[in-house]
There are 2 protein chains.
Amino acid sequence: MSSEKHGDAIDLSHHLSAIARARATSPLKGLQRYLGRPGLISLAGGLPNEGYFPLSSVSGEVLVPDSFPLETSEESSSLSWFWKLFSKSNKEKTVPFTVNRFSDDPEDLTLATSLQYGMAKGLPQLNNIIKEFTEKVYKPAYNNWTTLVHTGNTDGIAKVAWTFINPGDGVLVSEWTYPSAIASMTPLGAKMVSVKMDGQGMRSDDLRAILSNWNESERGMPRPHVLYTVPVGQNPTGVTVERQRKKEIYDVCVEFGEWLSQPWVLAINTRDKDVIIVEDDPYYFLQAGPYEPKGVRHNHSNISTLGDEEYIARLAPSYLQFDYQGRVLRLDTFSKTIAPGSRLGWFTCNPVFAERIERAAETSTQAPCGFGQVFVTSTLLKWKYQGYIRWLKALRVQYRERRDYFIDCLDEEFHLQKTHAQDGFREGNVVYEGFLKSKSNFVNEKSVMNQRRVFSFVPPTAGMFIWLQLHLEDHPLYGQLDSTALELKLWTALAEAGLIVGPGDMFSAHPGQNGASPHGHFRISFSNTEFDVMKKAVKIFSTVLQQFMKDTTIPA
Amino acid sequence: MSSEKHGDAIDLSHHLSAIARARATSPLKGLQRYLGRPGLISLAGGLPNEGYFPLSSVSGEVLVPDSFPLETSEESSSLSWFWKLFSKSNKEKTVPFTVNRFSDDPEDLTLATSLQYGMAKGLPQLNNIIKEFTEKVYKPAYNNWTTLVHTGNTDGIAKVAWTFINPGDGVLVSEWTYPSAIASMTPLGAKMVSVKMDGQGMRSDDLRAILSNWNESERGMPRPHVLYTVPVGQNPTGVTVERQRKKEIYDVCVEFGEWLSQPWVLAINTRDKDVIIVEDDPYYFLQAGPYEPKGVRHNHSNISTLGDEEYIARLAPSYLQFDYQGRVLRLDTFSKTIAPGSRLGWFTCNPVFAERIERAAETSTQAPCGFGQVFVTSTLLKWKYQGYIRWLKALRVQYRERRDYFIDCLDEEFHLQKTHAQDGFREGNVVYEGFLKSKSNFVNEKSVMNQRRVFSFVPPTAGMFIWLQLHLEDHPLYGQLDSTALELKLWTALAEAGLIVGPGDMFSAHPGQNGASPHGHFRISFSNTEFDVMKKAVKIFSTVLQQFMKDTTIPA
């Protein structure tokens, strides 16, 4: 079912919020039939003259797609790759490109076009690239899906919020979730409805239970019709929702949409019963796979021998692959694969949703920055599809190496014990528990068990973060301070010692209400620190924890 | 009064909308005391590694500040400046700059910083430039004003809307106004309250009358507390609000704010009584001054002999110059002075407003595009303040020349008669009335008066547009079709003949309700067409009008 293409006349306009409905129609509507006629003179727009754009050309030096290796050796991570790559003897290999203000070839990128006002859709060259990429990589299951550029997933989510959420609506989210998404929805009066997780991510059975048992008057809001999820390298837990679970979740959403049997019928009166899936997927290409301990680590994967098709087939599928009803709204970004400063990404969704979001863009951000579009498009034109895939494969290897190195450091500074989670949001996963090392040099393996367990974590299968669960049962203030307060006390001690980590409470679907749970959490990023600094950071963590476990000062 | 600096403890937080109040506080709040400590290791953020940004450097060739002349001769406009400037014998003069991914000098712009996630405030180098520019050019009248970058005025206005307008609020606008601003407010349920204009722009007496006589139950909304205005080269009318009128309007807004006598008092209960001024000012540097007919045109101005201070002093002042209470929220953009594709501009306002808008940016657009910031900042660093002012002076001369040339073309194709407007939104201004030329070659001056008047306009003093009032009283269908329908019939005839102009109705504060007024309008842009194409466009306009005035077909 999931890979078949279905009918292309899906109308989901009943999902739109009052705000989205109130948006104007396209200002170009009356112009459409004239635009593009040869020789047409337009004095309608408010366009400054391209002759006065002060940049006569812009240029870039872009790294070649195979700048980073697909194979890493165990030793490589103990040296700084950074130093190796950029030392003088090892100069990076780049190819140049230049974009001029004007060109005789209408196919060329020019500054005259890309720095001018333009359609909120962005540059055609970029759209072609995005469309091809989405088709080949995500393989949406229906025909008339479309793409639309946005200025980064955060802005994309804000536009989704104003397009689909009415004031006071509930939004389905995982119990741990990305706080910035919540922060862009709550000013609208939206309330988060937390769905339980297990080791495979959001639980489909809990989702069904919530939707089945929804009592509007008890909950004080209609049944939610928007589900927000970061399914790959979930932020903050690092879990990846694989094929089977995604299929289950998609099917639950279908179950609560009445137009199931007749997707082409406009089901106005079922508005509060449908669940659309907002798939925020920045870490898709950082799917690192399972962690293997240092001693038994194999050559990281056979990624260098995989063909592109095979490589893609082994990635967790997007919800788009199951989406035969057009209820998925996917957000992709160039932030993790090119650079966050590009402020560029795209939606993939049905054309009804895309049209309303495009109107929202016209009256806010307009087209993404022209400079950003020029440089991202030029880079991708240089690389071509194959080159970009090569680049993405290498990124995965690089981030995997960083994850592995960080966990190796934890293994050096603490005693790590492998176990299995039996319940909670990690249920079914391999968990590593961290025990403080004895200061004695004569400690043997046996005595580890007498040490105090201070944290545990599931190695993330994608993304940039270790989601560390704190175990502070042995702390002298345990019971006296709740878990949020103890978490904050430890966070402050680390900060005072020069190490900043992400406080866990802010990633809760209901921040401030986690003090009741027995564990605090930290989100720790391994993405952007040199290897020797990571090592140092883990040393600080260990030293501070040793002291902290004896520290009975109650914070002011 | 207006140039004195006043106390800096103004708190206007009672202006904020419920949406703005519901926004989160800064996620960095707890981190503030640690950030910047030497040697601090942060593993808190979700930053991709700068080593994986694929651009190793970007470069630009920027025009020198004096690329365009400050003096123009009458002949110059009859040739295409474009051809002259870019012909091979006359190559443009540029200076190069390069921004590398990394640099040893922490003061340098780098891609590592500007393409990374960063504060919504944008790059420090850009902020310094903006702050200096605002101080020197706009001279705000109080001390603790601040600036905040945004991603273009359209997005700026959208953020202002969500920050200051509650659903159902009224917003004060001119009777003709910029439709995109309305389009970003109306999805919120905001209703436009139209203030009458005269030849000097929005009328202060009508503004006072509206506010004094406000009847909440009759109007169905509380008294508006936001005034939206494009005061220079008003879009679409082209009028510029000069010093005296601005002072009057500011004073009316003060009159309706109860904290007048004690600006430092937090006046929570006066919320609906205060009027803040949203000054959307994209055309500020396109202040062309009055139009002089071709025969009597002087050398365009003595702009080349003016010092920078004097040049600035002769521009219409910003509302900021009168703003001793912090009630002005000004929007500047680089769209008209650098390029629209930069998607970059800034707010100037009090810090309370800026803080809430910054939080809105954090959960939507984040920082403006890093590539855009790099190129705009590099350009301005190359030019320095003086160079930028030189560039702006020349832009004004260039757009003035375009305006003059377009009106000259109208003068060639039609008989233009100079008169004075007695009432309406043009009251007090010099008006040119356009009469169809007789096809006879033996027409004499006298017979002009027997020709039919078909349009009239006030030459714009700034901006990019001629706002043409249509006079279709002599049209055979006049009376049978209303003005909006006749306007559309003519618009369609022009489009069919290959000329697109801006339909006037869309610029109404209440679009669709202008059919009742006796005149249709067109907004015609002279900013972005080569001179010979402008000439051709006016010829088409004339030919079509000749036919149109005899065309009795009633549109379907």
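## Close-up views of a predicted two-chain model

**View 1. The loop that carries P236(A).** In chain A, P236(A) lies in the loop between β9 (226–229) and α9. The model shown here and in the views that follow is predicted. The peptide bond that joins N235(A) to P236(A) is cis, with an omega of about 20°.

**View 2. The corresponding position in chain B.** A cis peptide bond also joins N235(B) and P236(B), and omega is about 20° here. P236(B) belongs to the loop that runs between β9 (226–229) and α9 (243–255) of chain B.

View 3. Helix α9 of chain A, which spans residues 243–255, contains V252(A). Is V252(A) buried or exposed? With a relative accessible area of 0%, V252(A) counts as buried, because buried means that the value is under 20%. When its neighbours within four places in sequence are left aside, V252(A) is in contact with S204(A), L207(A), R208(A) and L211(A). F548(A) is 296 residues from V252(A) in sequence, and the C-alpha atoms of V252(A) and F548(A) are 45 Å apart in space.

**View 4. A region of chain A annotated in UniProt.** For residues 113–256 of chain A, an unreviewed UniProt entry lists "domain: Aminotransferase class I/classII large".

**View 5. The interface between chain B and chain A.** How many residues does the contact take from chain B and from chain A? Chain B contributes 105 residues to the contact, and chain A contributes 105 residues. The area buried between the two chains is about 8,400 Å², and carbon and sulfur atoms give 62% of this area. On the side of chain B, the residues that lose the most area to chain A are I41(B), L43(B) and Y52(B), which together account for 11% of what that side buries.

**View 6. Salt bridges and polar contacts across the interface.** Between chain B and chain A there are six salt bridges. In a salt bridge between E496(A) and R37(B), the closest N and O atoms are 3.6 Å apart. Across the interface of chain B and chain A, 48 residue pairs are found in polar contact, with both residues of each pair at pLDDT 80 or more. Helix α12 of chain B, residues 370–413, gives the most to the side of chain B that touches chain A, with twelve residues. The residues on this side of chain B comprise 53 nonpolar, 37 polar and 15 charged.

**View 7. A positive phi in a helix of chain A.** K384(A) is placed in helix α12 of chain A, which covers residues 370–413. Its phi is near 65°, which is a positive value in a residue other than glycine. Most residues other than glycine have a negative phi. K384(A) has a relative accessible area of 58% and is therefore exposed, the limit for that word being over 50%.

**View 8. A positive phi in a loop of chain B.** R343(B), although not a glycine, has a positive phi of about 40°. The loop in which R343(B) is found lies between β11 (328–333) and β12 (345–349) of chain B. Is R343(B) buried or exposed? Because its relative accessibility is 7%, R343(B) counts as buried.

How values were computed
Residues numbered from 1 in each chain as written. Chains lettered and ligands numbered in written order. Predicted model: local features only at pLDDT ≥ 70, side-chain atom pairs only at ≥ 80, totals over all residues. Heavy atoms only, no water. Helix = DSSP H or I, 4+ residues; strand = E, 2+ residues; numbered from the N terminus. Buried < 20%, exposed > 50% of the residue type's maximum accessible area, 1.4 Å probe, protein only. Contact = heavy atoms within 4.5 Å. UniProt positions renumbered as here; feature names shortened; annotations may be inferred. Buried area = accessible area lost by both parts, 1.4 Å probe. Salt bridge = Lys/Arg side-chain N within 4 Å of Asp/Glu carboxyl O. Polar contact = N/O pair within 3.5 Å; in protein donor to acceptor, adjacent residues only side chain to side chain. Nonpolar A, V, L, I, M, F, W, Y, C, P; charged D, E, K, R; others polar.
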